[in-house]
Amino acid sequence: MSIDQALIEKITLEILMKMQTEKAPSSCDGGIFDTVDEAVAAARKAYQELRTLSLETRETLIKAMRDVAYKNATLLAQMAVDESGMGRVSDKIIKNQLAAQKTPGTEDLTTQAWSGDSGLTLIEMGPYGVIGAITPTTNPTETVICNGIGMIAAGNAVFFSPHPTAKNTSMKIIRLLNEAIVKAGGPNNLLTSVADPSITAANEMMKHPGINMLVATGGPGVVKAVLSSGKKAIGAGAGNPPVIVDETADIEKAARDIVAGCSFDNNLPCIAEKEVIAVGCIADQLITYMQKYGAYLISGSNIDRLLEVVMTVKEEKMAEGCTDKPKKSYGISKDYVGKDAKYILSKIGIDVPDSVRVVLCETPADHPFVIEELMMPILPVVQVKDIDAAITLAVKVEHGNRHTAVMHSKNVDHLTRFARAVETTIFVKNAPSYAGIGVGGEGFTTFTIAGPTGEGLTSPRSFTRQRRCVLVDAFSIV
Ligand code: NAD
């Protein structure tokens with residue numbers, strides 16, 4: 001071998017080894033790793049790096065995240081609908097843009113101070129570390145954008161456990177956000193996940209010692225799972241938002257608002273109107289107006305047929321010799337969650353134009369459409385005799401979720417009575433439900449509404465620990 005050849009081989013080997021070591025962890029790909037261990041380790045490293053950066057830099061990173069999410073709002077909306085088979089692209093674009101623009105940043109972190117003879121005491125909002133965030137299939141990208149901005153603004157890194165049915169879309173937004181952060185001068189892997197998300201991976205993440213806090217956005221199962229984890233957890237769970245319309249409401253406006261809120265993203269948002277409770281004398285007028293604004297009324301056997309199509313029924317097994325009628329329990333057929341009203345109606349042989357956005361039906365108060373959280377643009381209307389009956393029923397069908405309720409009324413006493421009785425995190429008066437998350441209503445947005453654990457509409461401060469810093473006998477000039 002000539003000297004030149006030996007030198008070339010040595011240099012080549014050195015380059016290869018350098019490339020190998022620089023690749024660690026070996027499977028790194030825009031925050032997406034093969035294993036939970038690798039993803040948590042990378043997030044922990046990113047968290048330590050973020051700790052060294054100023055708040056001003058943190059805000060620069062947040063701006064980069066907002067920009068890339070806003071720029072890709074349409075692509076992400078299309079991907080989410082294609083992959084999950086749920087929702088409306090045009091509405092998902094609005095949700096992505098909303099999360100990008102109206103999720104609070106570092107300005108949400110405030111400091112409390114006491115000064116006096118003994119000096120100065122501060123309470124500051126510090127990060128938790130690495131947060132394990134579990135996200136739903138119904139709002140896959142908007143939850144990652146919103147949680148990502150909020151959690152990083154609070155100084156944390158995040159491991160995301162997305163729903164497997166929206167995994168590619170979720171990975172896409174995680175990669176985009178990571179790339180934007182790195183481009184803006186921030187650490188790599190502030191957001192991580194695993195390439196193959198599953199409930200097993202989510203459980204491994206929840207138990208991982210490198211995860212400091214859990215945030216679950218989803219149904220009752222996942223909220224229960226995080227609250228049983230032994231770690232600090234925020235649970236943002238299911239809703240079944242009732243809407244009351246009383247005799248003092250502007251009935252035409254109420255009808256328009258209810259159709260708009262109920263049909264937004266085909267009823268996927270947890271805050272969307274799920275059942276209408278109408279004080280008797282106005283019910284017919286309300287139904288007529290709802291038809292004017294895009295609802296299609298079905299009745300009689302069509303309601304029964306629709307129930308058979310969109311819900312699953314289980315009959316309780318009765319003890320031998322028992323002559324009672326078996327109790328039925330209902331579940332949701334996932335095939336119809338977030339589907340267009342036109343598609344749902346076609347399954348019972350009714351053909352309607354694309355402009356129809358909601359399937360409307362009058363039902364008794366105990367109908368499964370009223371009791372269950374359907375997450376489809378099917379809206380039952382229940383007539384009741386007066387406001388007392390309306391409030392009692394609305395509280396019952398909200399199931400103590402303390403999530404969202406809506407009321408159309410001009411009677412301040414009625415509004416106050418319902419708000420007090422239902423105790424929901426969000427209470428919207430005389431507007432579509434989405435006004436409660438900042439669309440056409442004042443205030444910031446969130447896609448993680450924590451009723452069960454009480455943080456309410458989560459924002460960066462929800463993802464912080466309170467820390468007290470005391471300086472005795474100085475820094476007080478009073
Ligand atoms: P889901 O509960 O099926 O799934 C949510 C997430 O939890 C997914 O990532 C899933 O993989 C994971 N998961 C589910 N069960 C789990 C378990 N036992 N252990 C670990 N992980 C588990 O919900 P979904 O269908 O994706 O979303 C719809 C539900 O979420 C509705 O009930 C809706 O009201 C609710 N939701 C609530 C909010 C809120 O802010 N409160 C926001 C969006 C959706």
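The chain folds into 16 helices and 20 strands, with helices (H or I, at least four residues) and strands (E, at least two) taken as DSSP runs numbered from the N terminus. This is a predicted model, in which local features need pLDDT of at least 70 and side-chain atom pairs count only at pLDDT 80 or more, while totals for chains, interfaces and linings use all residues. Residues are numbered from 1 along each chain as its sequence is written, and side-chain values use heavy atoms, with hydrogens and water left out.

As for overall dimensions, the C-alpha atoms fill a box of roughly 95 × 75 × 50 Å along the principal axes. Of the 478 residues, 51% are buried (under 20% relative accessible area, with exposed being over 50% and partly exposed in between; 1.4 Å probe, protein chains only). The accessible surface comes to about 21700 Å², and carbon and sulfur atoms hold 53% of that (Shrake-Rupley method, 1.4 Å probe). Among contacts (heavy atoms within 4.5 Å) with a separation of 6 or more, 72% link residues 24 or more positions apart.

At least three core residues come from each of domain 1 (24–237 + 459–469) and domain 2 (242–442), with the bounds taken from an automatic or database domain assignment. Leaving aside residues up to four places away in sequence, Val245 touches Ile251, Ala254, Ile258, Val276, Ile277, Ala278, Val279, Ile282, Leu286 and His408.

Most residues other than glycine have a negative phi. Asn266 sits in the loop between helix H10 (251–263) and strand E10 (275–279), and is buried at a relative accessible area of 0%. Glu423 also shows a positive phi, near 55°. Its loop runs between helix H16 (412–422) and strand E17 (426–429), and Glu423 is partly exposed, at 47% relative accessibility.
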